[in-house]
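Student: I would like to learn how to read a protein model feature by feature. Could we work through one together, taking the general idea before the particular case?

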Amino acid sequence: MFSDNQISHFSELEYSLYNFIMNHLEKVQYMRIRELAKETHVSTTSILRFCKKIDCDGFSEFKIKLKLYLKEAEQLRMINTTTSLSEFLERTLQHDYQTKIYEIANHLVKAKNLIFIGIGTSGILAEYGARYFSALRKFSLHIKDPFFPIHPTTFEDSVALILSVSGETDHVLNLTNQMKQRGSTVVSITNHSDCTLAKISDYNLAYFVTPEYRKTYNLTTQIPVIHFLESLAKATHEVMQRD
């Protein structure tokens, strides 16, 4: 609704106007300019100057922008966690994914190194995955720095478990390519199986849920990723116990 640059150039009066608007978003979208002026104790001229400062030609355009902002926020709330989880259960678990879990687990048991890779939220989950596997006696490391140096001898005889919602992030694809060039087996966990990362992986687990975005932020649920990580860890531990 307001950029950081716009907010930083507000006057004291404009900060007061901004705070009123943010605290009464639903109300302001239906107000006339004179009503807003009366409520905020400023002139209509000050409100028009405020609108210009946030790249609106007038108060009418400002209200259109505000309504679009509120509509976007409402749409974001429509996809709740329960709905996303139901999608995962219906679209993914109906397939024989358990067979693939144990097939991957057999490779993980034999690997000298397990390297979890992710950026952003996926980086946090990569760290969680490495910790969870290590707790089940399969020591693992994680990389969440897209510029982490990868040398040929460091990752010999390793499996790279790469996490990415879109499977199209350039830095992630670059790290994946480096790992494959070093001879690593690549296991990816992505939202869809037709993305670039899935196609260049030796194994892919896809969870197929509706993506959620708010501007540049990817808010797609990561509950399925946690499920896959824990399932892989437990299957790997089970195979290790048998061997």
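This is a predicted model: local features need pLDDT of at least 70, side-chain atom pairs count only at pLDDT 80 or more; totals for chains, interfaces and linings use all residues.

Student: How many bridges join S1 to S2, and do the two strands run parallel or antiparallel?

Tutor: There are 3 bridges between S1 and S2, the latter covering residues 141-143, and the two run parallel. S1 is also joined to S3, by 5 bridges and again in parallel, with Ile 115 having Ala 160 as its bridge partner in S3.

Student: Is S1 largely enclosed or open to the outside, and why?

Tutor: Of the 5 residues of S1, 4 are buried, and therefore the strand is largely enclosed by the rest of the structure.

Student: What is the general idea behind a nonpolar core, and which residues touch the most other members of the largest one here?

Tutor: In soluble globular proteins, nonpolar side chains tend to be buried together. In this model the largest nonpolar core has 31 residues, and those touching the most other members are Leu 114, Phe 116, Leu 161, Ile 189, Tyr 207, Phe 228 and Leu 232. Several elements supply at least two residues each, including strand S1 (113-117), strand S3 (158-163) and helix H12 (223-242); H12 gives the most, with 7 residues. Apart from this core lies another, of 24 residues, among them Leu 25, Cys 51, Ile 54 and Cys 56.

Student: How should I read a helix, taking H4 as the case, and which of its residues are buried?

Tutor: In H4, which spans residues 33-40, the buried residues are Leu 36, Ala 37 and Thr 40. Seen down the axis of H4, these buried residues fall within an arc of 100°, so they line one face of the helix. On the other side of H4, Arg 34 and Lys 38 are exposed. Just after the helix, His 41 takes a positive phi of about 60°.

Student: Finally, what volume does the largest pocket have, and which residues are the closest to its centre?

Tutor: Rolling a probe the size of a water molecule over the atoms shows where empty space is left. Here the largest pocket has a volume of about 260 Å³. It is lined by 14 residues, of which Ile 119, Thr 121, Ser 122, Val 165 and Asn 218 are the closest to its centre. Sorted by class, the lining of this pocket comprises 5 nonpolar and 9 polar residues, with no charged residues.

Methods. Residues are numbered from 1 along each chain as its sequence is written. Side-chain values use heavy atoms; hydrogens and water are left out. Buried means under 20% relative accessible area, exposed over 50%, partly exposed in between (1.4 Å probe, protein chains only). The arc is that of the directions from the helix axis to the C-beta atoms. A nonpolar core is a set of buried Ala, Val, Leu, Ile, Met, Phe, Trp, Tyr and Cys residues joined through side-chain atoms within 4.5 Å. On a 1 Å grid over the protein atoms alone, a cavity is a set of points where a 1.4 Å probe fits but cannot get out, and a pocket is an open set with protein on both sides within 12 Å along at least five of seven lines; lining residues have an atom within 4 Å of a point. Grid points are joined across faces, edges and corners, and a volume is the space filled by probe spheres set on the points. Ala, Val, Leu, Ile, Met, Phe, Trp, Tyr, Cys and Pro count as nonpolar, Asp, Glu, Lys and Arg as charged, and the others, Gly among them, as polar. Two strands pair if DSSP finds at least two bridges between them.
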